[in-house]
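Colleague: I have not looked at this one before. Can you take me through it?

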Amino acid sequence: QVQTAESGGGLVQAGGSLRLSCAASGRTFATYAMSWFRQAPGKERELVAGISWTSGTNTYYADSVKGRFTISRDNAKNTLYLQMNSLKPEDTAVYYCAASPWAPPNWREMSDYNYWGQGTQVTVSS
């Protein structure tokens, strides 16, 4: 029912900023919780941030990105965002958006997400 497509990745110097977008198709977008995951080469996919369908009233952030990243959504545009500030080399990864019908999901449980995007590469140079 929901399909996602990420954009906004690229190459940035440490300390810089990027904003990722996830465009979703499907009339049920507003009823889904949305999350950003990332995966670096040779490492497991990990949760970065999540946001409920109540648009900002229920959010989750990994400790490694608290204070630097902000997740948001615009249900009218069927779009999820991740504002990334003060980027570090360890943020380098492929970033994926994912959708879950749970209210809320177990944020870190990948099986709770029904739909995944194909990912966008973020590379942070030192």
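**Strands, sheet and core**

Modeller: β3 and β8 run antiparallel and pair over six bridges; strands count as paired if DSSP finds at least two bridges between them. This is a predicted model, in which local features need pLDDT of at least 70, side-chain atom pairs count only at pLDDT 80 or more, and totals for chains, interfaces and linings use all residues. Residues are numbered from 1 along each chain as its sequence is written, and side-chain values use heavy atoms, with hydrogens and water left out.

Colleague: Which residue in β8 is the bridge partner of Cys-22?

Modeller: Leu-80 is the bridge partner of Cys-22.

Colleague: What holds strands together in general?

Modeller: Strands of a sheet pair through backbone hydrogen bonds, either parallel or antiparallel.

Colleague: Is β8 enclosed or open, and why?

Modeller: β8 is largely enclosed by the rest of the structure, because five of its six residues are buried. Buried means under 20% relative accessible area, exposed means over 50%, and partly exposed is in between, with a 1.4 Å probe and protein chains only.

Colleague: Stepping back, how many helices and strands are in the chain?

Modeller: Zero helices and 11 strands. Both are DSSP runs numbered from the N terminus: helices are H or I with at least four residues, strands are E with at least two. As for overall dimensions, the C-alpha atoms fill a box of roughly 40 × 25 × 25 Å along the principal axes. Of the 126 residues, 44% count as buried.

Colleague: What is its radius of gyration?

Modeller: The chain has 13 Å, which agrees with the value near 14 Å that a compact globule of 126 residues would have. The radius is taken over C-alpha atoms, and the globule rule is 2.2 Å times the number of residues to the power 0.38.

Colleague: New topic. How many disulfides does the structure hold?

Modeller: One. The disulfide joins Cys-22 to Cys-97, with S to S at 2.0 Å; the cut-off is a pair of cysteine sulfur atoms within 2.5 Å. Cys-22 lies in β3 (residues 18-25) and Cys-97 in β9, so the link ties together parts that are 75 residues apart in sequence. The link is right-handed, with 55° about the S-S bond.

Colleague: Is Cys-97 buried or exposed?

Modeller: Buried, at a relative accessible area of 0%. Cys-22 is also buried, at 0%.

Colleague: Which residues have the most contacts inside the largest nonpolar core?

Modeller: Trp-36, Leu-82, Met-84 and Tyr-95, in a core of 29 residues. At least two residues of this core come from each of β3, β4 (33-39), β5 (46-51), β7, β8, β9 and β11 (120-125). Another core lies apart from it and has six residues, including Phe-37 and Trp-107. A nonpolar core here is a set of buried Ala, Val, Leu, Ile, Met, Phe, Trp, Tyr and Cys residues joined through side-chain atoms within 4.5 Å.

Colleague: Now the loops. Where is Ser-52?

Modeller: Ser-52 is in the loop between β5 and β6 (59-61). Ser-52 counts as buried, because its relative accessibility is 4%. Residues that Ser-52 touches include Ala-33, Arg-73 and Trp-107, not counting residues up to four places away in sequence; contact means heavy atoms within 4.5 Å.

Colleague: And where does Pro-89 lie?

Modeller: In the loop between β8 (79-84) and β9 (93-100). Pro-89 is partly exposed, with a relative accessible area of 35%. Leaving out residues up to four places away in sequence, Pro-89 touches Ala-14, Val-124, Ser-125 and Ser-126.
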